[in-house]
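I opened the model to look up a few things and wrote them down as I went. The entries follow in the order of looking.

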Amino acid sequence: MEAAKTGMGSDEAKKWGRLLQQVAHDRDRAAFREIYEYFAPRIKAYAINQGIGQQADELVQEVMTSVWRSADKYVDTLASPSTWIFTITRNQRIDLLRKLGRLKAEINVETEDLWQIPTEEDTTIHSIQALAAEKHIRHSIKQLPEEQLIAVRKVYYEGKTHQEVATELNVPLGTLKGRLRLSMQKLKVMLESKDL
Amino acid sequence: MSNHHPDDITMLDYAAGTLPMAQSLAVAAHLFLCETCRTRTTQLNTLGGAVLEQSSPQQIKVQEFDRFMDGIDDESVAAKAAVPKAKNGNPLAKILPERFSDINWRQQTKEIAEYDLTKSLGLKGYRVALQKIKAGARVPEHTHKGRELTVILSGGFSDELGVYHEGDFVSRDATHQHTPTALQNEDCICLTVLDAPIRFTGPLLRWLNPLFAWR
């Protein structure tokens, strides 16, 4: 829980990046084991929080398979390893929900086209800026007021609709939206004040 | 360069993967044309990465890794795992002809044509279409029951609230009545995503309602 509170420093991010590289270049199973042992339990927790506990093992399987197979697509100047793994996890979760027929308005467009994962081909995202922002966001979320952080977590991590979160927190929908909006503004202000 | 973007909450829901797919299509179409919002998205993804790290991990059995590795090279077991593809691609590329001029437009009035994507996208409860407004032409005043997202793919238009150009993302709801007018120099082509029918409000134009109605 201690490590869970503080999150990853940039040294940590470098370590995971190195491990991913070893997986990509050398198909290094020991390196992959380290990645697996850190991320698999967190992906499982994400699945449970998203209300798809029954498919938690399947989600872990899918994500870790993608990581193993696509480690060479990870670009360390674009995102930290955990951000990259998050985007894969999110997309696989959506795919899983689609397969289960749990998403309402289905659409004949592939998940990976709707939620594209940035790669080095996209040179318009300034990599230095992306990484500096990354470091900064990690720091900034710790400074969000508790009630805003809870709202963001529920939307982001638990995949709940605004209405569901509002009901759960026993606040009007407008209040909840206000908290989300404020938290986004705060993160933005903190980013901009850094002159990225 | 786009000047009108999705609001923060729409972007948050999109990055969290909870925004409905039809609306996510509009956001993705905008991202393809907007560098600023691609950067915003990477920042929001970071938020996701940080939240993932900071979660309390669930127990996973020690032998699970070995079992996982036993199956990992077996293509048949893991083939379904989608591998992220390298691209910043146009999300509409697979559903539209290569050129707008190849589109089988359906003329609705002399100045407005439409290409309805709702059916080919297999959507229910939403309406997704491309609209083509002749240069300088005006769409009759209307309002929306739900939310209308518009992404300008080519040209531009103006309405009571502003002037919009290629790449811009415009969100309108029941509180807005507007009369979009295409800019003078070229036809305006937009992607529109509606979660409820629009209503024409001008007294002489109500006859248009059935034409534009929910199908």
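**Entry 1: chain B overall**

I started with burial: of the 215 residues of chain B, 57% count as buried (buried is under 20% relative accessible area, exposed over 50%, partly exposed in between, with a 1.4 Å probe and protein chains only). This is a predicted model, in which local features need pLDDT of at least 70 and side-chain atom pairs count only at pLDDT 80 or more, while totals for chains, interfaces and linings use all residues. Residues are numbered from 1 along each chain as its sequence is written, chains are lettered from A and ligands numbered from 1 in the order in which they are written, and side-chain values use heavy atoms, with hydrogens and water left out.

I then looked up the secondary structure of chain B and found six helices and twelve strands (DSSP runs numbered from the N terminus: helices are H or I with at least four residues, strands E with at least two). I also looked at contacts (heavy atoms within 4.5 Å). Among those in chain B between residues at least 6 apart in sequence, 68% join residues at least 24 apart.

**Entry 2: sheets of chain B**

I traced an open sheet of six strands in chain B, with antiparallel pairing and the order E1-E2-E3-E11-E5-E8 (two strands pair if DSSP finds at least two bridges between them). Its edge strands are E1 (106-107) and E8 (169-172) of chain B, each pairing on one side only. Within this sheet I followed strand E5 (residues 148-154) of chain B, which pairs with strand E11 (residues 188-194) of chain B in the antiparallel sense over six bridges. I noted B:Val193 in E11(B) as the bridge partner of B:Leu149.

Helix H2 (residues 21-33) of chain B packs on the sheet and touches strand E3 (127-133), E5, E8 and E11 of chain B. The direction of H2(B) makes about 30° with that of E5(B) (axes are lines fitted to C-alpha atoms, for helices over the stretch in contact, and angles run from 0 to 180 degrees between N-to-C directions).

I picked B:Gln23 in helix H2 of chain B. B:Gln23 is buried, at a relative accessible area of 6%. Leaving out residues up to four places away in sequence, B:Gln23 touches B:Tyr126, B:Arg147, B:Leu149, B:Val193 and B:Asp195. Two of these names, B:Leu149 and B:Val193, are the bridge partners noted above.

I found an open sheet of three strands too, antiparallel, in the order E7-E6-E10 of chain B. Strands E7 (162-165) and E10 (181-182) of chain B are its edges, each pairing on one side only. Strand E6 (residues 156-159) of chain B is joined to E10(B) by two bridges and runs antiparallel to it. B:Phe157 stands opposite B:Ala182 in E10(B).

**Entry 3: confidence in chain A**

I checked pLDDT (the predictor's confidence in each residue, from 0 to 100). Chain A has a mean of 85, with 86% of its residues at 70 or more. Confidence in chain A is lowest in helix H1 (residues 2-6), at a mean of 40, and highest in helix H3 (residues 29-49), at 95. Over residues 1-7 of chain A pLDDT stays under 50, and the model has eight contacts for them beyond four places in sequence. Where pLDDT is low, the predicted coordinates should not be read in detail.

**Entry 4: helix H2 of chain A**

Which residues of H2(A) are buried? I listed A:Ala13, A:Trp16, A:Gly17, A:Leu19, A:Leu20, A:Val23 and A:Ala24. They lie on the same side of H2(A) because they cover an arc of only 160° around the axis (the arc is that of the directions from the helix axis to the C-beta atoms). The buried residues of H2(A) pack against H3, helix H4 (56-70) and helix H5 (81-99) of chain A. The face turned away from the buried side of H2(A) carries the exposed residues A:Asp11, A:Lys14, A:His25 and A:Asp26.

**Entry 5: single residues of chain A**

A:Arg27 lies in the loop between H2 and H3 of chain A. A:Arg27 has a positive phi of about 50° although it is not a glycine, and is partly exposed at 35% relative accessible area.

I looked up A:Leu59 in helix H4 of chain A, which is buried with a relative accessible area of 0%. A:Leu59 and A:Arg93 are 34 residues apart in sequence and 6.7 Å apart in space, C-alpha to C-alpha.
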